[in-house]
Amino acid sequence: MKAILAPDFPKTDKNTLLVAFLSEEFANQTSALFSIAPSENAATDSGKRQLLNQDGKTLLTIGMGAKPNAEAFRKAAHQATQLANDYGYELIVLAVADIEQDRSLATAITEGFLLSGYQFNIYKSEAKAADLNSVHILGSGDALEAAIETGRIMADATSIGRDLVNEPVITLTAEELSRRIRSYGEQYGFEVEVLHKAKIQALKMGGLLAVNLGSIDPPTFSIMEHKPANPRNEKPVILVGKGVVYDTGGLSLKPTANSMDFMKADMGGAAAVVGAICGLAEAKSDVWVIGLIPATDNRPGQNAYVPGDVIEMYDGSTVEVLNTDAEGRMILADALAYAKQYDPELVIDLATLTGASVVAVGSPGIPMMATADESQKSALKAAGETVYERLVEFPLWEEYKDMLKSDIADQKNIGGREAGAITAGKFLEAFTDYPWIHLDIAGPSWRFSPDSYRGKNGTGVGVRLLFQFIQQYGQA
Ligand code: BES
Ligand code: ZN
Ligand code: ZN
């Protein structure tokens, strides 16, 4: 799928659908562009659609409501994509009358079209490509062109995240994840260093090694670095992603249906970090960013770590394992401790960490826990509103620390029945000594049923959020 800025109506033999996104003020202008007038009540009502035929042309109008936001345009783009594919159109020519006024709409529209066109069909013997393969957005000018390009980069980066999440563990082992990170580094132009098992052992990353004990595939620890010549920030921003390439739960085995069956998606945090860094490198961001990905599968193999084990972590502290399914925090803890050596300005980790976070806010929300200051938190929240991956802050009160007290070690790896998303965050906090933000993306990283342009299965959540945040970094 391609999105192109088109100053003029294209001359084409392609089966073409004309589309107008109508907002109240501009309703007449957009339809006049196509010389087809929508009926009197052609609704600018939000989400209302009308199909009109005249002189062999078909115009789809989608009402945008009185004050449409970027998300409404992403969703309208998805509706238009669906309809075009249902009726076999190959090309959409799109008119949005106020697009010159608010160019960020062009970014959102591009995201909506390109993300709606995402397909993961490498394993289908008879994959059918979608009919719709390009969108021409009517308009002109460098600024509009740049806005569309930003949308294109964000969508491509998100597709990288989705591809990684959708890839099953039989192909995407920890080592394969690292190989792909390496090749993305070559393609997009960022540095990659991969620590393999021997090095991870020499470094004594006890958390990562413990989770890996039940697996026959070795763990990896990937380090990505995008360092521009004159970075905006003096100290790096570090992004950490949970890379559990499959979570069986280990000996605390998960049940299959709706629980283990999609646990190839337990590297959604890693996918978000990799996708975002690809996008930032492609956009030639002037922010210095480092990505850390601890990766392994979590399995109940013969030597698997067991409930009751005490593990010495990378930072030298000890953890009593009382549930082997709380593995994400074990590997993230080592990565967070590893991040200290960079003296970071800010560390953000993303992880499909707890079912409790899904119970708390469901798939639309991302619980955030943080020790970073208000300005960093509110900048990230603002980025979340822009890309519609919205954050909600949970507290890290001292009381939660008591819930992690162990009889024989510094911490145990689970809290009690209460506040499961928070005790996971509180556990991680102990491994940080810098401004830090933790995002639990267990809810939004995967969809069992289609959700507009987010699609079905891996959503690539976090990629646009991180990209948007870093692009605005320090400029609030
Ligand atoms: N990967 C899971 C969390 C998860 C749940 C991700 C649902 C995506 C959707 C994580 O490793 C896990 O199993 N967490 C446990 C922690 C518990 C044992 C304290 C959970 O949430 O049940
Ligand atoms: Zn688990
Ligand atoms: Zn997990």
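In the predicted model, a polar side-chain atom of lysine 242 is placed 3.2 Å from an oxygen atom of ligand 1. Two further side chains provide polar atoms at such positions: that of lysine 254 lies 2.8 Å from an oxygen atom of ligand 1, and that of aspartate 325 lies 2.7 Å from an oxygen atom of ligand 1. Taken alone, ligand 1 exposes 520 Å², of which the protein buries 78%; accessible areas were computed by the Shrake-Rupley method with a 1.4 Å probe, and for residues only the protein chains shown count as cover. The shell around ligand 1 holds 16 residues, of which Lys254, Asp266, Asp325, Glu327 and Gly355 come nearest; a residue is near a molecule if one of its heavy atoms lies within 4 Å of it. By class, the shell divides into five nonpolar, four polar and seven charged residues. Here Ala, Val, Leu, Ile, Met, Phe, Trp, Tyr, Cys and Pro count as nonpolar, Asp, Glu, Lys and Arg as charged, and the others, Gly among them, as polar.

Residues are numbered from 1 along each chain as its sequence is written, with chains lettered from A and ligands numbered from 1 in the order in which they are written. Because the model is predicted, local features need pLDDT of at least 70 and side-chain atom pairs count only at pLDDT 80 or more, while totals for chains, interfaces and linings use all residues; side-chain values use heavy atoms, with hydrogens and water left out.

The zinc ion (ligand 3) is coordinated at 2.0 to 2.4 Å by Lys242 (NZ), Asp247 (OD), Asp266 (OD) and Glu327 (OE). Donors are N, O and S atoms within 2.8 Å of the metal (3.2 Å for Na, K and Ca), and sites may look incomplete because water is not among the atoms. The six donor atoms around this ion subtend angles of 77 to 173 degrees, which makes the arrangement octahedral. Four donors count as tetrahedral if all angles lie between 85 and 135 degrees; four count as square planar and six as octahedral if opposite donors are over 155 degrees apart and all others between 65 and 115, anything else being irregular. Along the chain, the donors of the zinc ion (ligand 3) follow the spacing K-x4-D-x18-D-x60-E. Helices (H or I, at least four residues) and strands (E, at least two) are DSSP runs, numbered from the N terminus.

The zinc ion (ligand 2) is coordinated by Asp247 (OD), Asp325 (O), Asp325 (OD) and Glu327 (OE), at 1.9 to 2.2 Å. Its six donor atoms subtend angles of 70 to 166 degrees, and the arrangement is therefore irregular. The two zinc ions (ligand 2 and ligand 3) are 3.2 Å apart, with aspartate 247 coordinating both. Aspartate 325 counts as partly exposed because its relative accessibility is 22%, whereas glutamate 327 is buried, at 0% (buried, under 20% relative accessible area; exposed, over 50%; partly exposed, in between; 1.4 Å probe, protein chains only).

Elsewhere, glutamate 111 is found in helix H3 (residues 104–116) and counts as buried at 2% relative accessibility. The side chain of glutamate 111 makes a polar contact with that of arginine 464 (2.6 Å). A polar contact is a pair of N or O atoms within 3.5 Å; within protein, one must be able to donate a hydrogen and the other to accept it, and residues adjacent in sequence count only if both atoms are side-chain atoms.
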